Each structure stands twice: as C-alpha cells, then as structure tokens.
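Me: Here is a model I would like to go through by question and answer. Please keep to what can be computed from it.

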Amino acid sequence: MLTHDEKPLLIGQVTALSGVPIRTIRYYESLGLLNSSGRTEGGFRQFSLDVLTRLAFIKRAQNLGLSLEEIGDILNIYDEGKLPCGEVKQKLEDKVNEIECQIEELLTLRDELTGLLSGWDNFTGKRKDTICPIIQ
C-alpha cells in the first residue's frame, strides 16, 4: 500500500531498481504474483515500493528451485496477512527430497553407463541386427 509520502513507481523504474525485465514484470502480474497499484492517465502501470520486496522474494525463491506456482501459493498466504514461513519450509523440504531422488537416479544411471563403457573395446565388428551392440 502506498502512503501519502510514497510516489508510485512506473514499470520502467521497477525494472531499473530490480533488474527484472518489463516483460517479466508483466508476466508476474498476469500470474497474480504482483499487483499494480493503478495506472497513470497515459495507461502506464504504477507500483508501490513493496513490489521490489516481492520481486526480490520471487527471484530468491526461484533460485532455490521453487516454481512460480509454488511462489504464488506462498505469496497468497502472505497477502492474507500471515507469515508463510511454514509453507516455505515445507516446500523447501519437498525440494530437498526431490533432489535426493534425482541424485539416486543419476547414480544409478552413472553405474549403468560405467558398466556399458567398461565393455566398449569388446565390440569391434558390425552386426546387421543392431545399430550399436553396446546399448542393444
């Protein structure tokens, strides 16, 4: 919310201060992650200063692997006047679990590839019924 002392920011100013491109700001607004506080007579979007806090949060949450949908869920809790830390913690724990599953899958794939490559020199002749006998 703007107070009487705060002058609304135009989208170009938000871009300059946050480093987030105008197109991205418009996209976030279309997803409901950001809300403009109004428009100028010329139709330019105006934002309150708290848009910078939201953009910083969105960028940080994305860097931590959260999707825009997950970020929207968190921001909805915040917009209801609640601290979303419990939701953030749960989502980050879910990410850690996903990463652990991915690591396990990658280790299994690495072992399979290592096994295939260990017999690489044993296949020198061309066979009509296979493209590459090592992986068939």
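Me: In which helix is the place of K91, and is K91 buried or exposed?

Reply: This is a predicted model, in which local features need pLDDT of at least 70, side-chain atom pairs count only at pLDDT 80 or more, and totals for chains, interfaces and linings use all residues. Residues are numbered from 1 along each chain as its sequence is written, and side-chain values use heavy atoms, with hydrogens and water left out. K91 lies in helix 5 (residues 85-118); helices (H or I, at least four residues) and strands (E, at least two) are DSSP runs numbered from the N terminus. Buried means under 20% relative accessible area, exposed over 50%, partly exposed in between (1.4 Å probe, protein chains only), and K91 has 10%, so K91 is buried.

Me: Which residues does K91 touch, not counting those up to four places away in sequence?

Reply: Contact means heavy atoms within 4.5 Å. With residues up to four places away in sequence left out, K91 touches L66, E70, D73 and I74.

Me: Why do the buried residues of helix 2 line one face of the helix?

Reply: In helix 2 (residues 22-31), the buried residues are I25, Y28 and E29. Taking directions from the helix axis to the C-beta atoms, these buried residues fall within an arc of 100°, so they line one face. The face turned away from the buried side carries the exposed residues R23 and S30.

Me: Which residue in strand 3 is the bridge partner of G38?

Reply: Two strands pair if DSSP finds at least two bridges between them. Strand 2 and strand 3 (residues 45-47) pair in the antiparallel sense over two bridges. In strand 3, the partner of G38 is Q46.
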